[in-house]
Amino acid sequence: MTSGTEEPGATLPAPPPQAVAVFGDTLPVATRYAELLADDGVRRGLIGPREVPRLWERHLINCAVVEELIPEGAEVVDVGSGAGLPGLVLGLLRPDIKMTLLEPLLRRTVFLDEAVEALGLTNVEVRRGRAEEAHGELYTDFVTARAVAPLSRLAGWSLPLLRKGGSLLALKGEQAEAELAEAEKDVSKLRPGVCDVIRVGRGKVDPATTVVRVTVTSDGGPSASGGSQKKARNGKKKRGRKR
Ligand SMILES: C[S@@+](CC[C@H](N)C(=O)[O-])C[C@H]1O[C@@H](n2cnc3c(N)ncnc32)[C@H](O)[C@@H]1O
């Protein structure tokens, strides 16, 4: 992912067989999203042009396989969505979940809003803001995050958003075990919980996607869905930050 404005150039490859297997009936929607990333996403500097040839394996499929860890009907907040990874991918793949894409930067939320509309995703909402600004008003079953911050900082932003029994699913690289070992003491001070490292998508994506999961075992807010989430939705995009 990049921050400057880039020229579109590289051609988006056709979906590989793994994409057909992973996305199933939602493949046309996933393909439309890949096209948006390869075109508008590159033009607006949200992803680098060099990512285009590897959009399917490295980005869409890599993110999609995390759905294995999310039960039916769950509420999910994707912290630091950027151009929609992994939140938009999970939202389009799983119409049964309620996905909130939480992202502070205006030009990214503009792209996300447009993508949600273009893809016709009624289960995905975009909320502009930082995770820590949503503490005390947004509660969810799962937080997902990829490439947002080191684990201890990410946990500080994310664990207060979780209901009791909820999990942070942090997509990490090969060094996930080492990162967890280093951060585990800090994480356990934030909120009692259980940490593990899971590899998902074996046989679908190579390498498999590595997820650090932190499941909180204590109350940190309301234990049932509803009121707080509604309040959060009402606060959507009211903040006036500009980039
Ligand atoms: C490197 S990008 C990764 C984007 C996307 N998750 C991906 O994997 O392509 C990090 C994103 O985190 C967002 N971010 C940074 N600090 C944040 C915070 N405190 N709360 C929510 N999002 C944050 C940034 O605006 C940026 O879009």
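**Figure 1. Surroundings of leucine 85 in the predicted model.** Apart from its neighbours within four places in sequence, leucine 85 is in contact with His59, Cys63 and Arg146. The model shown here and in the other views is predicted. Leucine 85 belongs to the loop between β1 and α4. Is this leucine 85 buried or exposed? Leucine 85 is buried, because 27 other C-beta atoms lie within 10 Å and 20 or more are enough for that class. Two of its contact partners, His59 and Cys63, are also listed among the buried residues of helix α3.

Figure 2. Proline 86 is placed in the loop between β1, residues 75–79, and α4, residues 87–93. Another cis peptide bond links aspartate 206 to proline 207, with an omega of about 0°. Where does proline 207 lie? Proline 207 is found in the loop between β6 (193–200) and β7 (209–216).

**Figure 3. Helix α3 and the elements that cover it.** Helix α3 comprises residues 55–64 and is mostly covered, with 8 of its 10 residues buried. The buried residues are Leu55, Trp56, His59, Leu60, Ile61, Asn62, Cys63 and Ala64. Which elements cover them? The cover includes α1 (17–23), α2 (27–43), α4, β4 and β7.

**Figure 4. Residues around the ligand.** The ligand is surrounded by 18 residues, of which the closest are Gly80, Gly82, Arg130, Ala131 and Arg146. Sorted by class, this shell consists of 10 nonpolar, 3 polar and 5 charged residues. An unreviewed UniProt entry places the feature "binding site" at Gly80, Leu85, Ala131, Glu132 and Arg146.

Figure 5. Glycine 80 lies in the loop between β1 and α4.

**Figure 6. Glutamate 103 in strand β2.** Glutamate 103 is part of strand β2, which spans residues 98–103. With 25 C-beta neighbours inside 10 Å, glutamate 103 is counted as buried. Apart from neighbours within four places in sequence, the contacts of glutamate 103 are Gly80, Ser81, Gly82, Arg108, Thr109, Leu112 and Arg128. Arginine 128 stands 25 residues away from glutamate 103 along the chain, yet the C-alpha atoms of the two are separated by 5.1 Å.

Figure 7. Alanine 147 has a positive phi of about 55°, although it is not a glycine. The residue lies in the loop between β4 (140–146) and α6 (151–158). Alanine 147 is classed as partly exposed because 13 other C-beta atoms are within 10 Å, whereas a residue with 12 or fewer would be exposed.

**Figure 8. The buried side of helix α6.** In helix α6, the buried residues are Leu151, Leu154, Ala155, Trp157 and Ser158. They span an arc of only 160° around the axis and therefore lie on the same side of α6. Against which elements do the buried residues of α6 pack? They pack against β1, β4, β5 (162–172), α7 (176–190) and β7.

**Figure 9. The chain and the confidence of its prediction.** The chain contains 8 helices and 7 strands. Of its 243 residues, 42% are buried. Among contacts between residues at least 6 apart in sequence, 71% join residues at least 24 apart. The mean pLDDT of the chain is 89, and 87% of the residues reach 70 or more. Over residues 1–6, however, the pLDDT is below 50, and this stretch has 16 contacts in the model beyond near neighbours in sequence. The pLDDT also stays under 50 over residues 222–243, where the model has 32 contacts beyond four places in sequence. Where pLDDT is low, the predicted coordinates should not be read in detail. The model has an ipTM of 0.99 and a pTM of 0.89.

Note on methods: Residues numbered from 1 in each chain as written. Predicted model: local features only at pLDDT ≥ 70, side-chain atom pairs only at ≥ 80, totals over all residues. Helix = DSSP H or I, 4+ residues; strand = E, 2+ residues; numbered from the N terminus. Near = placed C-beta within 6 Å. Nonpolar A, V, L, I, M, F, W, Y, C, P; charged D, E, K, R; others polar. UniProt positions renumbered as here; feature names shortened; annotations may be inferred. Contact = placed C-beta atoms within 7 Å. pLDDT = per-residue confidence, 0-100. Arc of directions from axis to C-beta.
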